[in-house]
Amino acid sequence: MRIMGHQPNLSAWIGLAIVTSFIVIALFAPWIAPYGEAESVSETWASSTWQYWLGTDNIGRDMLSRLIYGARMTIGVALLTTILSFIIGTCAGLLAAIGGPIIDQALSRLVDVMLSIPLLVFALIILSMFGSSIPTLIITIAVLDSTRVFRLARAVAMNIVVLEFVEAAKLRGEGLWWIMRREILPNALPPMISEFGLRFCFNFLFVAGLSFLGLGIQPPFADWGGMVRENGRAISFGIPAPLWPAMAIAIMTVGVNLVVDWILSINARPSGASAEM
Amino acid sequence: MLRLITTRVVLGILTLLAVSVLIFAATEILPGDVASAVLGQGATPETLAAFREELGLNRPAYVRYLEWFFGAIQGDFGVAMTNKRDIITSMTPRLENTFFLAGYAALIAVPLSVSLGIIAAINEGKAVDKVANVISLAAISVPEFFIAYLLIIIFAVNLDWFPSLSTVFADMTFAKKLHVTALPAFTLTLLVAAHMLRMTRSSVLSIMSQPYIEMAFLKGLSRTRVVFHHALPNAAAPIIAVIALNLAYLIVGVVVIEVVFVYPGVGQFMVDGVTKRDLPVVQACGLVFAAAFIILNTIADVLGVLVNPRLRKPR
């Protein structure tokens, strides 16, 4: 079987299988989950049985059902964040590339300063100010993460701006927005696609990390980072409860990484024009 | 060369200044102000006014920034909003704890990962290289707390070698402290060692593709000799840069790890501050973290200039 005209290798297949099944689980959570998201079905931290495959959590909810519902929240938030971050980062990056040296300098120096603070520290400062709700979380991480996207988009666009067809469009009298959208964006997309996967992984781990610190997605919503936090104490009693959501996060990131590796290897082929960018 | 170094240091100081403005400004961009953000919707105009008075919010922002900044460089971060305790006195012991943990992890991680990275590069494509590659890739792509809980299950619960919570006291003996903080230190080690190993390996390998290395091979030298005598001296600069970068990374990684092991460090302090929305505490911790990050990066740049054989010659 070929996808987008390319034959995936074994690790790409594993990655694709993981990502697809997680997305299906997230989409159809209410039909797949054996119990409800907030339904207390047993005593605290029951061990795994045929009835509760992965045991129960700190207030007796079925771990597997929580994991399935949590996929929605965790993957959904990370995906929205990445999309928003790409919109902001790409727009700013393309603007810096064609908007002249003043805009470029202003944006680039701002990004330099933002990148010189660890993202987590920056996010903590902003969240302490705004409090943690899902929209705040998405916007905060997206804005912080867009600095990385900006760097790439600007670098890629810089190589395209000097080509003849952009020059021609400028001479035709096309507007800034039109040039960005019709001349530069289509040519900048291939290297941005694999970056999307990498940024998704990063944001996914970032959201999970913040939720684990109790500053991300708030209860009663199930999300994997928060589930690790809620069940953290169980580990000292030798109960593997926090390991399941942590493992789900790990499997998802590894899956996306495998797919990204495959996309990168397509781009790196001699026929792929985007290799150097 | 001296000019290069001076430029780097000046650049570092400028960045730190810009970052301090940014950290301060982050609390000013909100519609409304700190007082209404902290007190929330239920606040009456009188309590808001009183709170603003108390925080000094009725003065212009740049005055408050200058006061905060000059206080900060003299080691005075003001008092915490919630318990009115002096921030610097509650932060100092925690800062020592964090540096202790980070230093502990660095002492294991740096020699381990650099030597493993070189071994992997020497044996490129062989089994050793592949195993190192897979393990380090796995360690990078899983969340910090996953590694932490896995280590707890193995070493604290099943083998019972180390405690699962790292509670430290001021009057603990050094050996005891090393034992109690072993698990968080190992977790951090795994996290940064994986990055360092991969980057060391790739910087040695990129040197290995140079023409003079091929020349050395054509002379009939052994692979080990070529790596140690020809490649390593030139790979030293990038490796040092990699180490410093990862030490900077360690400072961030410490936040989550401290929370997992309930270790009393600055990371926990900051997370607590965020939960209680105690802005002065968060700003102070943020500035300390950012400063450590920038200082380490500047040191990396300067060391990179110093050890680069091509930049060492006076022009």
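**Chain B, overall.** I counted 14 helices and zero strands in chain B. Helices (H or I, at least four residues) and strands (E, at least two) are DSSP runs, numbered from the N terminus. Read from the N terminus, the elements go α-α-α-α-α-α-α-α-α-α-α-α-α-α.

**Ground rules.** I am working on a predicted model, where local features need pLDDT of at least 70, side-chain atom pairs count only at pLDDT 80 or more, and totals for chains, interfaces and linings use all residues. Residues are numbered from 1 along each chain as its sequence is written, chains are lettered from A and ligands numbered from 1 in written order, and side-chain values use heavy atoms, with hydrogens and water left out.

**Extent and surface.** I read about 85 × 60 × 35 Å for the C-alpha trace of chain B along its principal axes. The accessible surface of chain B is about 15,500 Å², 68% of it from carbon and sulfur atoms. That area is Shrake-Rupley with a 1.4 Å probe; for residues, only the protein chains shown count as cover. Of the 315 residues in chain B, 48% are buried (under 20% relative accessible area; exposed is over 50%, partly exposed in between; 1.4 Å probe, protein chains only).

**Contacts and charge.** I took contact as heavy atoms within 4.5 Å. Among chain B contacts with a separation of 6 or more, 72% join residues 24 or more positions apart. Chain B carries 23 positive and 19 negative side chains, and the centres of the two sets are 16 Å apart. Lys and Arg count as positive, Asp and Glu as negative; His and the chain ends are not counted. Each charge is placed at NZ of Lys, CZ of Arg, CG of Asp or CD of Glu.

**Helix 9 of chain B.** I checked residues 182-208. This helix has 27 residues and reaches 37 Å from first C-alpha to last, close to the expected 39 Å (1.5 Å times one less than its number of residues). Where does helix 9 of chain B kink? The kink, about 25 degrees, is centred on Ala193(B). The bend is the angle between axes fitted to the seven residues ending there and the seven starting there. Helix 9 of chain B is mostly covered, with 19 of its 27 residues buried.

**Asp129(B).** I found this residue in helix 6 (residues 127-141) of chain B. Asp129(B) counts as buried because its relative accessibility is 4%. Beyond four places in sequence, Asp129(B) touches Ala120(B), Asn123(B), Glu124(B) and Arg201(B).

**Ala157(A).** I moved to helix 6 (residues 134-161) of chain A, which holds Ala157(A). Ala157(A) has a relative accessible area of 0%, so it is buried. Ile98(A) is 59 residues away in sequence and 8.2 Å away, C-alpha to C-alpha.
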